[in-house]
There are 2 protein chains.
Amino acid sequence: MKYSHQTRILVAIDCIVFGFDGEKLKLLLIQRGMEPEKNKWSLMGGFVEPDKSLEVAANVILKDLTGLEGVYLEQLQAFGGINRDPIERTVSLAYFALIDIHQYEKQLSHEHHAEWFETSKIPQLIFDHNEMVEMAKKKLRYKAALHPILFELLPEKFTIPQLQSLYEGIYDSVFDKRNFSRKILSTGLLIKQGDKDKLNSKKGAFYYILDKGKYNANFHAFLNLIPNPDHLQFV
Amino acid sequence: MKYSHQTRILVAIDCIVFGFDGEKLKLLLIQRGMEPEKNKWSLMGGFVEPDKSLEVAANVILKDLTGLEGVYLEQLQAFGGINRDPIERTVSLAYFALIDIHQYEKQLSHEHHAEWFETSKIPQLIFDHNEMVEMAKKKLRYKAALHPILFELLPEKFTIPQLQSLYEGIYDSVFDKRNFSRKILSTGLLIKQGDKDKLNSKKGAFYYILDKGKYNANFHAFLNLIPNPDHLQFV
DNA sequence: ACAAAAGTGTTTACACTACACCCATGT
DNA sequence: ACATGGGTGTAGTGTAAACACTTTTGT
């Protein structure tokens with residue numbers, strides 16, 4: 001039994017993958033493999049197949065096009081303008097992912113010419129993908145101001161100066177390091193390690209790891225992670 | 001030209017309509033007009049037609065089933081489990097709406113047996129609609145803690161005690177009225193009127209209206225609208 | 001006169017900000 | 001020895017919470 005007289009529509013998923021390499025926030029793009037707009041830069045996209053839930057479809061598309069697996073993936077928004085794909089009406093569900101670039105460096109397949117772009121230097125993308133990326137950037141900034149989501153972008157062991165430079169990159173601001181470290185440590189989410197990262201300074205900075213239990217338990221609590229949030233542009 | 005070898009899928013929209021009648025937060029439901037599950041309680045839903053964008057489709061569906069037009073409507077989430085509709089695979093985009101029940105009382109059509117239910121007494125709904133409602137309630141609580149969204153549920157003129165009882169209903173809590181009124185007034189969003197509402201008390205409470213300009217300009221700023229947000233359960 | 005809800009002010013604790021110096025180490 | 005980035009403390013300010021009494025008016 002089926003619903004008769006109803007029009008079925010193509011349903012696609014597009015993944016916006018943010019990565020951090022210790023220096024800058026970057027965006028993963030591939031060269032589109034099919035017409036139209038073949039070889040133009042594009043998000044990782046594909047169609048939802050009948051036997052796959054949205055979650056599964058999103059993970060499979062990401063895996064197939066980039067090799068990435070087991071990363072943080074969250075639904076962003078449905079995009080459904082009538083002519084967003086010139087070939088045929090397609091409703092696209094945008095997802096965004098957060099990864100530590102170095103950790104997934106080996107897993108990342110270059111079969112589809114996946115490349116990292118600085119988020120401030122994103123080329124023209126196909127369809128409405130630039131709009132999706134802008135929305136994802138805003139959502140990331142919004143969410144990161146309240147929840148400790150940016151840890152998804154860091155390696156297991158990281159230093160507070162690394163963390164701060166991540167926040168500073170995302171908000172394109174400079175924060176006071178004394179206040180920043182006090183605020184971050186006061187969340188109780190970080191566990192200090194005995195060893196230091198000596199790559200970025202002579203003195204070396206202590207490594208920290210995330211307290212996974214507290215992270216999961218407190219993820220939805222409101223934290224005040226950035227100074228003067230009202231002065232920043234989010235949405 | 002079309003994408004060949006791809007499966008097209010039914011795309012539906014389901015609208016979660018919250019309303020406030022001055023006393024309680026309520027949810028609008030209708031009795032489903034078609035098989036399967038005919039006559040069971042359901043959200044307002046329909047299929048996305050090929051010539052309608054998602055925004056348009058959501059508004060049309062809401063209008064057709066309830067008569068409501070021009071209300072606050074926001075995309076919530078895509079639901080895409082394989083068997084969420086037993087008849088045929090359907091991806092549903094959930095939207096939620098906020099209205100003042102009295103203001104739309106006359107506009108509300110009862111053609112489809114639309115009825116208001118207290119949000120704490122929601123019957124069993126078809127498919128995954130109960131899950132959608134739960135998510136919408138959480139999102140509303142989350143968003144209302146940070147942004148002045150609840151004004152969408154109030155009439156043009158309202159009193160601070162009314163506003164407080166709305167917040168108290170949504171968070172199932174009791175707030176200190178001195179702190180509440182100070183906090184709300186300090187947002188600068190309210191304009192005091194000369195007249196009073198004398199229905200709910202002998203002394204009467206001054207009416208306020210929303211400063212629309214400031215409301216639109218400040219909507220995305222972070223406001224601290226409820227006490228001790230960290231102690232409340234959101235998500 | 002009394003009941004019922006509106007309205008208002010103060011004190012206290014905590015959180016955020018601004019700000020400057022010492023520390024450890026590699027060169 | 002010096003340059004570089006890491007790490008820490010304090011004072012001042014502002015914001016949020018706890019708390020109780022007076023006002024108005026309908027009955």
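Biologist: How many salt bridges does the rule find across the interface of chain B and chain A?

Modeller: A salt bridge is a side-chain nitrogen of Lys or Arg within 4 Å of a carboxyl oxygen of Asp or Glu, and across this interface the rule finds two. In one of them Glu88(B) pairs with Arg8(A), where the closest N and O atoms are 2.5 Å apart. This is a predicted model, in which local features need pLDDT of at least 70 and side-chain atom pairs count only at pLDDT 80 or more, while totals for chains, interfaces and linings use all residues. Residues are numbered from 1 along each chain as its sequence is written, chains are lettered from A and ligands numbered from 1 in the order in which they are written, and side-chain values use heavy atoms, with hydrogens and water left out.

Biologist: What is the area buried between chain B and chain A?

Modeller: The size of an interface is often given as the accessible area lost when the parts come together. With a 1.4 Å probe and the loss summed over both parts, the area buried here is about 4,100 Å², of which carbon and sulfur atoms give 64%. On the side of chain B, Tyr3(B), Ile87(B) and Phe222(B) lose the most area to chain A, together 19% of what that side buries.

Biologist: Which residues come nearest to DNA strand C?

Modeller: A residue is near a strand if one of its heavy atoms lies within 4 Å of it; of the 22 residues around DNA strand C, Arg178(A), Lys202(A), Lys177(B), Arg178(B) and Arg182(B) come nearest.

Technical notes: Buried area is the accessible area (1.4 Å probe) that two parts lose on being put together, summed over both.
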